[in-house]
Amino acid sequence: MKQFVSFLIFTLAFSACQTSPDVPEYGNLLWYDAPASNWSKEALPVGNGRMGAMVFGDPDRERIQLNEDSMWPGGPDWGDAQGTPRDLQKVRDLLIAGKVHEADKAWVGSFSHKSIVKSHQTMGDLFINFEDREITDYHRQLDLDSALVTISYKTDKGDFTERVFTSHPDNTIVIELKTTSPEGLNLSLELSRPDDEGEPTVDVTSHNGNELWMTGEVTQRNGKHFSKPVSIDYGVKFQSRLRVESEGGSVEAINGQLQLNKVSRAVLYITSASSWYHGEDFVRVAAADQEKLTESSFEEILKNHVLDYQQLFKRVYFDLGNHELDSLPVNTRLDRVKAGAADSDLVAKLFQFGRYLLIASSRPGSNAANLQGIWNEYLKAPWNADYHLNINLQMNYWPAEVTNLSELHGPLFDFTERLIERGKVTAKEQYNMRGFVAHQATDFWAPAWMRAEQPYWGAWVGGGGWLMQHFWDHYEFTKDEAFLRDRAYPAMKQSALFYLDWLMKDPRDGKWISAPATSPENSYIAADGKSAATVLGTAIDQQIIEEVFTNALKAAAVLGIEDEFTAEVKEKLTNLRPGVVIGPDGRILEWDRPYEEAEKGHRHMSHLYAIYPGNTITKEGTPDWFAAVKKSTDYRLAHGGAGTGWSRAWLINLSARLQEGAEVEKHINLHLQKSIVPNLFDMHPPFQIDGNFGFTAGVAEALLQSHTGEIHLLPALPPGWSAGKIKGLKARGNLTVDLDWKNGVLVNVVITPTESGDYKLRYGEIVKTIKMKAGTSYTLNHQLVEE
């Protein structure tokens with residue numbers, strides 16, 4: 001019987017992890033006094049963008065669940081088109097005739113691939129089987145400052161320490177096991193992967209006396225296409241290699257496992273390579289990565305990992321006080337918050353945890369973070385752990401620019417460019433239109449076609465347009481004109497070309513509208529009292545199309561482009577139906593007319609896109625629309641809205657844009673109380689990582705905004721955050737901003753531009769334009785006067 005006793009550790013695990021002088025000693029530790037027993041709620045994630053693991057810290061049978069972002073079945077198959085232009089015209093004719101239910105059926109029936117099961121999958125598991133020991137003083141932690149998981153405890157024979165990290169520079173998962181016991185450690189190592197409907201998915205073999213190789217192919221024998229079972233018996237091939245370096249004792253291979261006897265220290269290195277990244281050369285690459293590791297010591301690999309990681313993570317420092325609560329494990333602190341107590345430091349840690357997760361799941365050259373980032377223990381994950389384009393994938397990248405992780409946006413752009421190529425084929429073959437289209441959901445293979453059982457879920461053409469916002473935002477934050485010219489403008493042009501052809505004239509008023517149109521995952525009550533989804537123009541469609549057109553023209557202006565394309569966009573914009581229309585009750589209409597909602601507290605607030613993540617609605621620029629947004633959010637909440645984790649995170653951002661600090665604080669607390677679990681993962685439920693990223697973006701949005709042409713300081717400061725400081729946030733225009741406040745009042749702001757120019761600042765009612773030189777830091781007080 002093992003007993004677990006709290007044991008606090010406040011020192012960092014490695015000298016290279018020491019914080020810089022301006023960072024307090026408490027750091028960003030998430031610690032616990034018991035092992036994890038639940039993957040989604042308690043295990044701790046590590047990752048290097050491509051590879052990752054979930055660490056349990058079990059002193060009996062340790063589980064290191066392994067992940068890799070290209071573990072997908074099938075391929076870029078199943079075609080690119082479903083339905084024809086004639087089918088589209090039929091749907092439009094039905095809508096014009098008022099036959100909305102028939103239009104719903106025809107929209108899905110003609111164009112949808114229906115329900116799909118084709119899922120991202122686990123890479124497998126490493127199990128470490130220890131001999132029976134008496135355990136005391138158990139401690140488990142994730143150090144966000146060094147991206148290092150450490151487990152420590154005392155045994156009846158000596159002290160034990162386990163350290164786990166995933167190195168980006170050395171492309172490996174590393175596990176160090178160490179004891180002070182003179183008798184050493186006795187344990188066995190095994191690699192495995194779940195069977196697929198009774199069929200083995202890997203072959204595990206031992207080599208050289210200290211290595212295990214796991215070779216396999218990702219399949220989905222319980223797959224689904226067109227809502228019918230389909231066996232996918234092919235997919236990405238891969239090989240994972242485990243190699244052990246030990247001190248003292250012996251290592252030997254027995255029955256496909258490695259047995260370690262009386263070792264004082266063992267270091268386990270896991271490499272993996274897939275056919276997605278390396279073609280048929282993946283086995284050689286897995287071997288080469290292992291061979292390269294022999295050139296460095298564990299200490300060097302750890303040092304390189306920490307330095308590489310901190311180059312990203314240490315860009316932003318955030319302090320809200322409450323450090324005395326660091327004496328409590330995170331699960332206890334979370335229980336306190338759920339009971340109504342305040343814990344501003346846990347908020348700061350959750351903010352930084354979101355940045356940690358983005359660094360761990362999205363690096364240049366990796367694939368885009370999916371619904372679960374890269375962490376997944378299943379062969380059939382919830383919602384396939386794929387890419388949903390009606391908010392979820394985009395929310396993953398909301399914090400990338402503002403929290404100073406701009407280069408981590410790259411995998412999203414890489415994926416979108418693959419989606420554009422397939423989406424151009426879909427647009428041409430399916431609709432006979434120019435440009436590219438992407439519907440509501442896609443997956444690793446970037447199919448652009450529709451997948452929907454019902455019209456309200458998936459029958460939507462706004463996904464590609466929403467992605468374009470990220471290209472424009474990246475330019476606005478970085479001012480990288482080469483990126484604008486070579487990547488952003490070509491992408492936005494392809495999206496705009498599709499919408500130019502997609503728009504039809506509304507026979508009721510002659511305005512250009514998107515049709516058939518839905519509001520993602522939501523329904524309205526039609527004239528016959530029954531639920532329906534499709535209409536002639538929804539708020540989100542019109543808002544996204546206007547944004548795509550407007551940003552394409554802005555980009556063209558920067559690049560000095562004026563041609564037939566820009567002229568066509570300008571012409572369509574002049575008669576485009578507005579995406580923001582205020583209904584008779586003062587709320588923004590979600591559909592083309594003031595219908596009753598089928599679900600008044602729906603989790604999606606798609607009609608509010610124009611205020612966030614869009615930038616069209618602002619307090620000063622569109623005060624009537626701004627007030628209508630407030631009425632709309634109040635109505636949703638009054639009817640039970642924001643039920644999911646990501647929806648609550650969206651409300652934090654919406655409240656920040658509404659400049660309501662008290663509402664920001666309320667939704668932050670509710671997010672922690674209802675959607676965050678002990679390992680700080682966000683629950684939809686189940687686990688869905690977008691809520692983590694949305695939370696981090698929302699906190700930043702409450703402290704700094706720059707979407708109106710002004711740098712707005714502390715626009716929605718929560719009243720409970722009476723004192724705090726944040727360093728390293730980014731504003732549009734590529735400025736770095738540090739903020740320090742006390743008693744709810746700005747003490748000073750330090751702004752460092754990368755380009756010389758005049759910059760307009762706002763704090764409260766004070767607005768000033770200040771001339772700044774590139775590379776010079778300017779310190780201003782609460783009156784925006786330079787100190």
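## Helices α11 and α12

Helix α11 (residues 463-478) packs against helix α12 (residues 481-502) at an angle of about 160 degrees, with the two axes 9 Å apart. Helices here are DSSP runs of H or I of at least four residues, strands are runs of E of at least two, and both are numbered from the N terminus. Axes are lines fitted to C-alpha atoms, for helices over the stretch in contact, and angles run from 0 to 180 degrees between N-to-C directions. The two helices α11 and α12 are therefore roughly antiparallel to each other; angles under 35 degrees count as roughly parallel, over 145 as roughly antiparallel, 65 to 115 as roughly perpendicular and the rest as oblique.

Their crossing is left-handed, a term that applies if the near helix is turned anticlockwise from the far one by less than a right angle, clockwise being right-handed. From α11 the contact draws on G464, G465, M468, F471, W472, H474 and Y475, and from α12 on E481, F483, L484, R487, A488, A491, M492, S495 and Y499 (contact means heavy atoms within 4.5 Å). By class, the contact of α11 with α12 comprises 10 nonpolar, four polar and two charged residues. Ala, Val, Leu, Ile, Met, Phe, Trp, Tyr, Cys and Pro count as nonpolar, Asp, Glu, Lys and Arg as charged, and the others, Gly among them, as polar.

## Basis of the model

This is a predicted model, in which local features need pLDDT of at least 70 and side-chain atom pairs count only at pLDDT 80 or more, while totals for chains, interfaces and linings use all residues. Residues are numbered from 1 along each chain as its sequence is written, and side-chain values use heavy atoms, with hydrogens and water left out.

## Helices α1 and α2

The axes of helix α1 (residues 85-96) and helix α2 (residues 100-111) come within 8 Å and cross at roughly 165 degrees. This makes α1 roughly antiparallel to α2, and α1 passes α2 in a left-handed crossing.

On the α1 side, D87, L88, V91, L94 and L95 take part; they meet V100, E102, A103, A106, W107, S110 and F111 of α2. The contact of α1 with α2 has nine nonpolar residues, one polar and two charged.

## The seven-stranded open sheet

Seven strands form an open sheet in the order β2-β3-β4-β5-β10-β17-β16, with antiparallel pairing; two strands pair if DSSP finds at least two bridges between them. At the edges stand β2 (44-47) and β16 (250-254), each of which pairs on one side only. On average, neighbouring strands of this sheet are turned by 20 degrees against each other, direction ignored.

Within the sheet, strand β4 (residues 61-68) pairs with strand β5 (residues 124-130) in the antiparallel sense over six bridges. The bridge partner of L66 in β5 is G124. Helix α7 (residues 344-361) lies across β2 and β3 (51-55) and runs at about 45 degrees to β2.

## Strand β18

Strand β18 is largely enclosed by the rest of the structure, because 10 of its 10 residues are buried (buried means under 20% relative accessible area, exposed over 50% and partly exposed in between, with a 1.4 Å probe and protein chains only). R265, V267, Y269, T271 and A273 point one way from β18, and A266, L268, I270, S272 and S274 point the other way. Strand β9 (residues 172-179) pairs with β18 in the antiparallel sense over six bridges, with I175 opposite L268. Strand β15 (residues 237-247) runs antiparallel to β18 and is joined to it by 10 bridges; E247 has R265 of β18 as its bridge partner.

S274 belongs to β18 (residues 265-274) and is buried, with a relative accessible area of 0%. Leaving aside neighbours within four places in sequence, S274 is in contact with E68, S70, M71, V236, K237, F238, G279 and F282.

## Backbone exceptions

Most residues other than glycine have a negative phi, and most peptide bonds are trans. W383, which is not a glycine, has a positive phi of about 55 degrees, and N384, also not a glycine, has a positive phi of about 65 degrees. W383 is in the loop between α7 and β20 (387-388), and N384 is likewise placed in the loop between α7 and β20. W383 is partly exposed at 35% relative accessibility, whereas N384 is buried at 7%.

The peptide bond from Y612 to P613 is cis, with omega near 15 degrees; P613 lies in the loop between β26 (596-597) and α15 (623-638). A cis peptide bond also joins P685 and P686, with omega about 5 degrees, and P686 is in the loop between α17 (661-675) and α18 (690-703).
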